[in-house]
Amino acid sequence: EGLAYGHLGYPVLQAADILMYRAHAVPVGEDQLPHIEITRELVRKFNRLYGEVFPEPEGLLTKFARFPGLDGRRMSKSLGNTIDLADSPGKIMTAFTDPERKRRSDPGRPEVCLIYTYWTKFAPAEAAAVYEECTTAKRGCVECKRGAGAAIAKFLAPLREKRRALEATPGAVDEIMADGDARARAAAQETMSLVREKMHIG
C-alpha cells in the first residue's frame, strides 16, 4: 500500500539495460551499487532456472564515487547544482564554503569545504598548498573559488574542445548515435534469441 510501481519497475528496467548487452562490468556512482546488486540477483535466478546466459556484472566505482554539487549535496541535474560542460568557470562562485569562516582573516577548515574537495579531484597536485594557505588564512574563499574554477576549466578543456568540434560538424552526433544504435540493436537481438532459446519460447 502506498508503494509506487516505479520502486520495483525502475530497478528492473535498469537491470534490463545492463543484461541486454550481457555486460560484465558497469561504471557507476556509489549510490547505484544497490541497483547492480539487484541485477546480480536477477542473473543468478535466471541462470539457475534456465542455464547460463548472463554474467554477473560488477559495479565499477569511478575514482570519485560520490561527488558533491555546488550546494554540498550530491551532484544532480534535478537539484540544479551541477557543473556542466557549457558552464563558465564563474559558476563555481555560487558554491558553498566553510560556514564558520566569516572573515578573510579567519583560518579555514578545508576538510569541510566543498571547494577544497574540488581541488583534490581536479588539481590534486595543488591541493596540499591550498590546504596550507586556507588553514593559515593566506588564501581567502573568493580567491580559492576562482582558482578552483580555473582548475576545473583546465581539466574539462579537452572535453569542451571535442564538444565544439562536434557542434561544428552538422550531423556528426546523429551519425555516432545511429552507429551505436545499430550495434546495440544487434547485440540485444542476439541476447534475446539466446534467452528465448533457453526458455523454450518463441
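Visitor: What covers the buried residues of H2?
Guide: In this predicted model, the cover over the buried residues of H2 includes helix H1 (6-19), S1, S2 and helix H6 (172-199).

Visitor: And which residues of H2 are the buried ones?
Guide: The buried residues in H2 are His35, Ile36, Thr39, Arg40, Val43, Phe46 and Asn47. Seen down the axis of H2, these buried residues fall within an arc of 145°, so they line one face of the helix.

Visitor: Which residues are exposed on the other side of H2?
Guide: On that other side of H2 you will find Pro34, Arg48 and Leu49, which are exposed.

Visitor: What follows H2?
Guide: H2 is followed by Gly51, a residue whose phi is positive, near 110°.

Visitor: Switching to strands, how do S1 and S2 run?
Guide: Strand S1 and strand S2 (residues 58-61) run parallel, and 4 bridges join them. To get from S1 to S2 the chain crosses through helix H2 (residues 33-50), and this β-α-β crossover is right-handed.

Visitor: Which residues are on the covered face of S1?
Guide: In S1 (residues 25-28), Val26 and Val28 make up the covered face, whereas Ala25 and Pro27 belong to the uncovered one. Val26 also stands opposite Gly59 in S2.

Visitor: New topic: how many aromatic pairs are there?
Guide: The count comes to 5 aromatic pairs. One of them is Phe46 with Tyr50, whose ring centres are 4.9 Å apart and whose planes are at 45°, so the pair is tilted.

Visitor: Where do Phe46 and Tyr50 lie?
Guide: Both lie in helix H2, 4 residues apart, which is about one turn of the helix. Phe46 counts as buried because its relative accessibility is 14%, under the 20% limit, while Tyr50, at 33% relative accessibility, counts as partly exposed. Ring pairs also link Phe46, Tyr50 and Phe54 into a cluster.

Visitor: What about the rings of Phe122 and Phe155?
Guide: Their centres are 5.0 Å apart and their planes are at 80°, so the pair of Phe122 and Phe155 is edge-to-face. This pair links distant parts of the chain, since Phe122 is in helix H3 (residues 114-122) and Phe155 is in helix H5 (residues 141-167), 33 residues apart.

Visitor: Is Phe122 buried or exposed?
Guide: Phe122 counts as buried at 18% relative accessibility, whereas Phe155 is partly exposed, with a relative accessible area of 44%.

Conventions:
Residues are numbered from 1 along each chain as its sequence is written. This is a predicted model: local features need pLDDT of at least 70, side-chain atom pairs count only at pLDDT 80 or more; totals for chains, interfaces and linings use all residues. Side-chain values use heavy atoms; hydrogens and water are left out. Buried means under 20% relative accessible area, exposed over 50%, partly exposed in between (1.4 Å probe, protein chains only). Helices (H or I, at least four residues) and strands (E, at least two) are DSSP runs, numbered from the N terminus. Two strands pair if DSSP finds at least two bridges between them. A crossover is right-handed if, with the strands pointing away from the viewer, the path from the first strand over the helix to the second runs clockwise. Rings of Phe, Tyr and Trp (its six-membered ring) pair if their centres lie within 6.5 Å; planes under 30 degrees apart count as stacked, over 60 as edge-to-face and the rest as tilted. The arc is that of the directions from the helix axis to the C-beta atoms. Contact means heavy atoms within 4.5 Å.
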